Amino acid sequence: MSDTGEILLKGIGGSPGICIGKAYLVDKEGVDVVKKYAVSKADLKEEKNRFKSAVNKAKEELHSIIEETPEDFREHANILETHVVLLKDKMLYGRTIEKIEKEGINAEWALKKVVTSIKARFRSMSDDYFRERAEDIVHVSDRIMRNLVGAEQESIKDIDRRVILIAEDLSPADTCQIQLEKVMGVVTAYGGMTSHTGIIARTLEIPAVFGVDNATSIIQNDELMIVDGTTGELIIHPTEVTLVKYVKRRVEHELHRAAIARGSHLPAQTADGFTIQIMGNIELPEEVVSVRNYCGDGIGLYRTEFQYLSHPDFPSENELFDKYKDVVEVMAPKPVTIRTLDINGDKTPVRHAGTAEQNPAMGLRGIRYCLKKPDVFMTQLRAILRAAAFGNVRVMFPMISSYDEICEAKKMLDQAAESLEKDGLSFNRNIEVGIMIEVPSAVIMADVMAEEADFFSIGTNDLIQYSLAIDRGNKHVAHLYQPFHPAVMRMLKRISDVGKEKGVKVFMCGEMAGDPIQVPILLGFEIEELSMNPLSIPSVKRMVRAIRFEDARSFTKDVLRQTTAEGVMNLLRDAYGDILSDKVLNA
Ligand code: PEP
Ligand code: MG
């Protein structure tokens, strides 16, 4: 605390923007302190029934939240279906019943013990996805526990004033109930960028800060506070001076965004008349709205994992088709690049959580997973081809590391078309087929891959991870994750050269594509399409318009002579520092 009484807390910026308002603590009390007591043999049956009734009640509660979730949010509510399944999961339900029976203890204590051991197992895993799945178990058990001890279930939808939500963590059931007119911002102790709360906050454009230790014990109800979702800072009891500063900053932030957005309808054309396409990456169909609002030229990456992750079972062809068709129709005639399933790695479905791989990033993920599970793959390919009848669709295969994978995947695409033909369903097989270039072997073999691909899309998130041997989610080596690494520059050059020589279009859809500072390099390497988080579209377009293509081309020659990432950065600062310091660009 400062002399002025102001408290500054630091977390992770989960969703950009600034809000100022009063705190509302989402009450999770009443379930933490549970007592252990023995249950006599004669009463064990009743104790187990008490547990079963608490589970059934939790199930009814979840069902009614699902039913009350507005249509726009149905996609998010899918994860609640997964929670309904988790209620009866062997790990949770089966073991609690077993513990009551074997140890002759009360249901609350048995549940607490079981959850503690599940949490310890999942949370020690280095993978974000598994840690977040531990949270799913906690949310589900918390609901059961509340019913066991008779504590009230907190309902976010009943909040009757504009507030900033403060919580240990928000469950998907909580976030599904967020109403934009009531919730200005979100602060949680747990949760990361890839958490469900993060996705929703960014979709709704609500400022959010995650990972604030002790948030719920330090912050009191109704306290005035500032949330800066861009820097990850919280200020409690701000002074007049701080308030004025942040109000100004908020206005500036909004003006800057508006200023950039104003030019967003203009094409991404360099000062000397060279045009590239600026596309949006989406995970949820709702994000299409953002891409359209920021005038993206299409969808360069539609990550299709979410429907599988949030589904208790595999989604059906019709469910997938409906989602894809919605996106394709909204974007038509602009292209929608649907990437086939890339689960495992950092995205594992709940039903596979028990079969964790030692090193999922290098495990059965992406195309490898799909080729091992032809029925799952075929269902998705059929849905994509059917959606392609409604607009401009491209299909893209992730994690291609060898030539035979692309051949096999294309063979399956043909089989999907043949089966649709037989079933008399309308579809379009006349679509572009591309691959992600995100494994170093695909860069080396790019000339061979080019024989079978209409386009390459460079996935820098994985390509940097695999080529520099830096786990993209490991904070201890985050400083070594260098997009400017000369090795990365040389790979871009190789892919670009092969593309030109073989007549294969070269795109980029990794995070690097959405960073304005990278634009001179990417333009210089003649990447034709850059696909990014929709929020980045305006500033990347603005950067493209501020530079000359011919300058960028000769600039890459100097870039390729550099021996360190720092050298590349210095070069960029020297050549483009003025443009990059443009305040509007950095909003
Ligand atoms: C990438 O690896 O750069 C990419 C776009 O895919 P994802 O982030 O989904 O792995
Ligand atoms: Mg990838």
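In strand β6, F210 is the bridge partner of I12. That pair belongs to β2 and β6 (residues 208-210), which run antiparallel and are joined by three bridges; strands count as paired if DSSP finds at least two bridges between them. The model is a predicted one, in which local features need pLDDT of at least 70 and side-chain atom pairs count only at pLDDT 80 or more, while totals for chains, interfaces and linings use all residues; side-chain values use heavy atoms, with hydrogens and water left out. Residues are numbered from 1 along each chain as its sequence is written, and chains are lettered from A and ligands numbered from 1 in the order in which they are written.

The two strands are part of an open sheet of eight, in the order β1-β8-β7-β3-β4-β5-β6-β2, with mixed pairing. At the edges stand β1 (7-10) and β2 (12-15), each with a single partner strand, so one side of each has no neighbour in the sheet. Ignoring direction, neighbouring strands are turned by 30° against each other on average. Helix α9 (residues 240-262) packs on the sheet, where α9 touches β3 (18-25), β7 (224-228) and β8 (233-236), and the direction of α9 makes about 120° with that of β3. Contact here means heavy atoms within 4.5 Å. Angles run from 0 to 180 degrees between N-to-C directions, and axes are lines fitted to C-alpha atoms, for helices over the stretch in contact. Helices (H or I, at least four residues) and strands (E, at least two) are DSSP runs, numbered from the N terminus.

Within this sheet, β5 (residues 183-188) has six of its six residues buried, so β5 is largely enclosed by the rest of the structure. Buried means under 20% relative accessible area, exposed over 50%, and partly exposed in between, with a 1.4 Å probe and protein chains only. Strand β4 (residues 163-167) runs parallel to β5, joined by five bridges, and I166 has V187 of β5 as its bridge partner. On the pairing of β5 with β6, the sense is again parallel, over two bridges, with V186 opposite A208 in β6.

The protein chain as a whole has 23 helices and 17 strands. Of its 587 residues, 55% count as buried. Among contacts with a separation of 6 or more, 69% are between residues 24 or more positions apart.

The largest nonpolar core holds 97 residues, and F397, F456, I521 and L530 touch the most other members. Such a core is a set of buried Ala, Val, Leu, Ile, Met, Phe, Trp, Tyr and Cys residues joined through side-chain atoms within 4.5 Å. Helix α14 (residues 374-387) gives the most to this core, with eight residues. Apart from it lies another core of 35 residues, including I79, M91, I97 and M145. Beyond four places in sequence, the residues that F456 touches include I435, I437, M449 and F507.

S457 also lies in this part of the chain, in strand β15. At 1% relative accessibility, S457 counts as buried. Its contacts, leaving aside neighbours within four places in sequence, are M396, I435, M436, I437, F507, M508 and C509.

Helix α14 also packs with α12 (residues 317-331), at an angle of about 35° and with the axes 8 Å apart. The residues in contact include L320, F321 and Y324 of α12 and T379, A383 and A387 of α14.

The magnesium ion (ligand 2) has E438 (OE) and D462 (OD) as its protein donors, lying 2.1 Å from it. Donors are N, O and S atoms within 2.8 Å of the metal (3.2 Å for Na, K and Ca); water is not among the atoms, so sites may look incomplete. E438 lies in the loop between β14 (432-437) and α16 (440-444), and D462 in helix α18 (residues 460-468), 24 residues apart. E438 and D462 are both buried.

Helix α18 is mostly covered, with eight of its nine residues buried. Those residues pack against β11 (299-303), β14, α16, β15 (455-458), α19 (486-502) and β16 (505-508). After α18 comes A469, with a positive phi near 55°.

Towards the end of the text stands L572, in helix α23 (residues 565-580). L572 is buried, with a relative accessible area of 0%. Leaving aside neighbours within four places, L572 is in contact with F484, I517, P520, I521, F555 and G577.
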